[in-house]
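Here is a short report on a two-chain model. Keep the structure open while you read.

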Amino acid sequence: MDKYKLIAENITVSYNNIISVKNITMKFKANTVTSLIGPSGCGKTSFLRCLNRMHDMNKNVKVMGKVVIDNTDLYLDNMNPIYHRRKVGMVFQKPNPFPTMSIYDNVTAGLRLNGIKNKKILDGSVENSLKLAYLWDEVKSDLKKPAIELSGGQQQRLCIARALAINPEILLMDEPSSALDPISTQKIEETIMNLKNELTIIIVTHNMQQAIRISDYTAFMYLGKLIEFGETKKLFTAPTDPLTAKYVKGFFG
Amino acid sequence: MIDQNEYDKQFYQNIKRRLITNKLIQIGVFCSVIIALIPLCSIVFEVFKNGINAISIDFLLDVPGSIGSGQGGIGPAIQGTILLICLTSLIGIPLGLSSGLFLYEFHDNKIAKMIRFFNDVFMEFPTIILGIFAFLVIVLTLGYFTILAGSFALSLIMFPIIARTTEESLKMVPVTYKEAGIALGLQKWVISVRIIMSAAKKGIVNGILLSVARIGGETAPLIMTILGSSQFFHGIDSPVDSLTLRIWRLSLLPYDDAQTSGWGSALVLIFIIIMISIGIRYLFDNNIRKSIKT
């Protein structure tokens with residue numbers, strides 16, 4: 001039990017009573033990277049967003065099941081998700097730095113807006129997070145610059161740094177490199193590989209090559225169901241399910 | 001397959017017409033702008049031409065002299081208008097911003113829908129009725145004409161405008177910023193105020209400016225609330241003057257001097273509203289501030 005950082009049990013998600021994720025159970029080990037793959041609309045993102053209760057903001061979405069982080073269920077009635085979200089960082093599909101803030105303010109947003117004012121802590125966090133996200137060298141001379149003046153790839157790494165600044169134990173990434181060019185993608189992949197030592201990463205990706213390159217485990221989802229979940233190498237070379245085999249060979253999706 | 005020749009023929013046949021249409025619409029839009037600017041410019045020009053002669057230090061600072069003497073100024077009216085705008089903003093802006101935020105956060109809630117409906121009705125309400133309302137509620141209760149009643153009536157005009165523009169500008173902020181805030185574990189009100197409102201700042205400030213200009217130019221709700229006065233402000237239990245009331249009173253008088261003073265007051269009013277507009281924009285728009293610095 002202990003070696004699993006995050007356990008999702010019997011997760012079912014429905015939008016306006018249409019079920020998009022069907023009864024998925026997955027366990028994620030600490031310090032691993034897990035990829036979620038599958039064709040568009042198969043519920044990867046819906047599932048990912050359950051893991052830090054992002055669905056709360058949309059009343060039309062119903063989530064059933066359990067998400068256990070460090071032995072506490074995130075979906076208990078009396079649980080304020082804020083406590084858990086500080087342990088779970090998230091990076092989105094499109095870079096979304098806060099438009100009115102500088103680079104510095106963006107990275108420290110999670111700390112500052114939660115009441116941390118100590119300049120030493122903030123400065124340290126900025127340098128540390130930006131270094132982890134491989135952005136430090138490019139921006140260290142001009143941290144006061146508005147974040148929206150950065151390039152798309154830099155913005156996405158800034159968002160990773162922002163998510164890392166709150167010191168999460170788990171990082172959720174929703175197709176973080178889908179809007180980026182190959183070089184930015186490569187840099188983000190490097191970032192992910194390095195972050196593995198510090199935290200547990202779950203990443204949604206459409207790019208199977210990416211899944212092979214970066215992840216230890218891969219889960220294949222289809223039509224809201226979890227078809228296969230196992231070690232990346234095994235899933236891509238010797239899948240047990242014929243549907244998985246078809247998908248990874250590029251026959252559909 | 002599409003026949004390439006036929007396709008090309010159709011394309012080039014149409015393109016001439018489309019280019020001409022494009023040009024015509026450009027010209028049309030340009031002309032509309034000119035036509036819309038003519039009355040605006042002529043009003044400003046007329047006010048300037050007729051009012052500039054009245055302007056002097058004494059005119060700006062003195063109390064009004066006896067009618068027809070050509071002496072005295074509009075000091076109390078300027079003071080009154082500035083006080084009214086400040087006091088009304090003090091009530092109207094927080095109220096407007098918070099109701100705008102409420103409408104945005106609970107947009108499909110039943111109460112919010114009701115509030116939005118009344119808000120829209122309020123925005124088009126005849127302002128004289130708001131004045132009478134303030135008269136009944138405040139003036140009759142307290143027993144004296146007061147700047148409080150005037151500000152109350154004006155804030156009823158101000159807050160629906162701010163609420164609506166605030167809601168609309170908040171809605172323009174992409175939901176991804178909210179998501180980013182949620183994922184950082186921020187509390188709901190922190191996300192709303194520090195992230196969403198800050199991203200929508202420009203639209204919100206515009207709404208505030210719009211409402212300030214609107215209340216600065218109101219006359220009807222002031223008649224029965226602040227009454228008008230020829231003395232400087234001396235307590236909340238006595239009538240005050242405002243530029244709009246002064247313009248109205250002066251314009252009814254048959255004397256040339258009074259008419260000139262009226263034009264002068266109008267010029268001052270326009271000037272005050274423009275200055276407030278520039279000032280608020282300067283305060284809130286980082287780009288302007290930056291371009292001035294460099």
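In chain A, M90 of the model pairs across a bridge with A:L172 in β7(A). The model is a predicted one. Four bridges join β6(A) to strand β7 (residues 170-174) of chain A, and the two strands run parallel. Helix α6 (residues 152-165) of chain A packs on the sheet here, touching β6 and β7 of chain A. The direction of this helix makes about 170° with that of β6(A).

**The sheet of chain A**

The sheet is open and has six strands with mixed pairing. Its order is β6-β7-β8-β3-β9-β10 (chain A). Which strands stand at the edges? They are β6 and β10 (225-231) of chain A. Each has a single partner strand, so one side of each is left without a neighbour in the sheet. On average, neighbouring strands of this sheet are turned by 15° against each other, direction ignored.

**The hairpin of chain A**

Strand β1 (residues 4-15) of chain A runs antiparallel to strand β2 (residues 18-29) of chain A, and eight bridges join them. A:Y4 has A:K29 in β2(A) as its bridge partner. β1(A) and β2(A) form a hairpin with two residues between them. In the turn, A:N16 has a positive phi of about 45°.

| Strand pair | Bridges | Direction |
|---|---|---|
| β1(A) and β2(A) | eight bridges | antiparallel |
| β6(A) and β7(A) | four bridges | parallel |

**Chain B**

Chain B has 13 helices and zero strands. How does its radius of gyration stand against that of a compact globule of 294 residues? The globule would be near 19 Å, but chain B has 25 Å. The C-alpha trace of chain B spans about 90 × 50 × 45 Å along its principal axes. Of its 294 residues, 35% count as buried. Among contacts in chain B with a separation of 6 or more, 73% come from residues 24 or more positions apart.

One helix pair shows the packing. The axes of helix α3 (residues 75-105) of chain B and helix α6 (residues 147-172) of chain B come within 6 Å and cross at roughly 35°. The crossing of α3(B) past α6(B) is right-handed. Their contact has 17 nonpolar, nine polar and two charged residues.

**Where the chains meet**

The contact takes 20 residues from chain A and 17 residues from chain B. On the chain A side, α2 (81-85), β6 (88-91) and α3 (103-112) each supply at least two residues. By class, that side has 11 nonpolar, six polar and three charged residues.

Note on methods:
Residues are numbered from 1 along each chain as its sequence is written. Chains are lettered from A and ligands numbered from 1 in the order in which they are written. This is a predicted model: local features need pLDDT of at least 70, side-chain atom pairs count only at pLDDT 80 or more; totals for chains, interfaces and linings use all residues. Axes are lines fitted to C-alpha atoms, for helices over the stretch in contact, and angles run from 0 to 180 degrees between N-to-C directions. A crossing is left-handed if the near helix is turned anticlockwise from the far one by less than a right angle, and right-handed if clockwise. Ala, Val, Leu, Ile, Met, Phe, Trp, Tyr, Cys and Pro count as nonpolar, Asp, Glu, Lys and Arg as charged, and the others, Gly among them, as polar. Two strands pair if DSSP finds at least two bridges between them. Two residues are in contact if their C-beta atoms, placed from the backbone, lie within 7 Å. The radius of gyration is taken over C-alpha atoms; the globule rule is 2.2 Å times the number of residues to the power 0.38. A residue is buried if 20 or more other C-beta atoms lie within 10 Å of its own, exposed if 12 or fewer, and partly exposed in between; C-beta atoms are placed from the backbone.
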